[in-house]
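Open the model in your viewer and keep the selection panel at hand. The tour moves from stop to stop.

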Amino acid sequence: MMIFDRFPTKEDAKAFAEKVTATYGREATVYDSQEESNKVDIFPFQLDPPIVLVERDYENFTFESEIEMLVKDYKGIFAGT
């Protein structure tokens, strides 16, 4: 999973997730807490909700750098994978 956090609002996180799905065909889900997101993918460092998890395409990493840059438009940050 690609992990994004620190969105100013849940609406920003949802808009980012929707854009990622529409543009790149990747599943993207929004979580209100790290406890919720850890049920899907455990991240060893503190995350600041809202959190968005984006599925990775292990056969094609082509768009990952674009997704990492896109998050800036929604005022979130790329936390890692």
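Start by selecting K75, which sits in the loop between α3 (64-70) and β4. Helices (H or I, at least four residues) and strands (E, at least two) are DSSP runs, numbered from the N terminus. K75 is not a glycine, yet its phi is positive, near 60°. Is K75 buried or exposed? K75 counts as exposed because its relative accessibility is 59%. The cut-offs are these: buried is under 20% relative accessible area, exposed is over 50%, and partly exposed is in between, with a 1.4 Å probe and protein chains only.

A word on the model before the next stop. This is a predicted model, in which local features need pLDDT of at least 70 and side-chain atom pairs count only at pLDDT 80 or more, while totals for chains, interfaces and linings use all residues. Residues are numbered from 1 along each chain as its sequence is written, and side-chain values use heavy atoms, with hydrogens and water left out.

Next, select R6, in the loop between β1 and α1. R6 also is no glycine, and its phi is positive at about 65°. R6 counts as partly exposed because its relative accessibility is 46%.

Now show the strands. Four of them form an open sheet in the order β2-β3-β1-β4, with antiparallel pairing. Two strands pair if DSSP finds at least two bridges between them. Which strands are at the edges? They are β2 (28-31) and β4 (77-80), each pairing on one side only. From one strand to the next, the twist averages 30°. Axes here are lines fitted to C-alpha atoms, for helices over the stretch in contact, and angles run from 0 to 180 degrees between N-to-C directions.

Zoom in on β1 (residues 2-5). Three bridges join β1 to β4 in the antiparallel sense. Pick I3: its bridge partner in β4 is G80.

Move to P50, in the loop between α2 (34-38) and β3. Look at the peptide bond from P49 to P50: it is cis, with omega near 0°.

Last stop: the rings. How many aromatic pairs does the structure hold? It holds six. Rings of Phe, Tyr and Trp (its six-membered ring) pair if their centres lie within 6.5 Å. Select F4, F7, F16, Y74 and F78, which ring pairs link into a cluster.

Methods:
Phe/Tyr/Trp six-rings, centres within 6.5 Å; stacked < 30°, edge-to-face > 60°.
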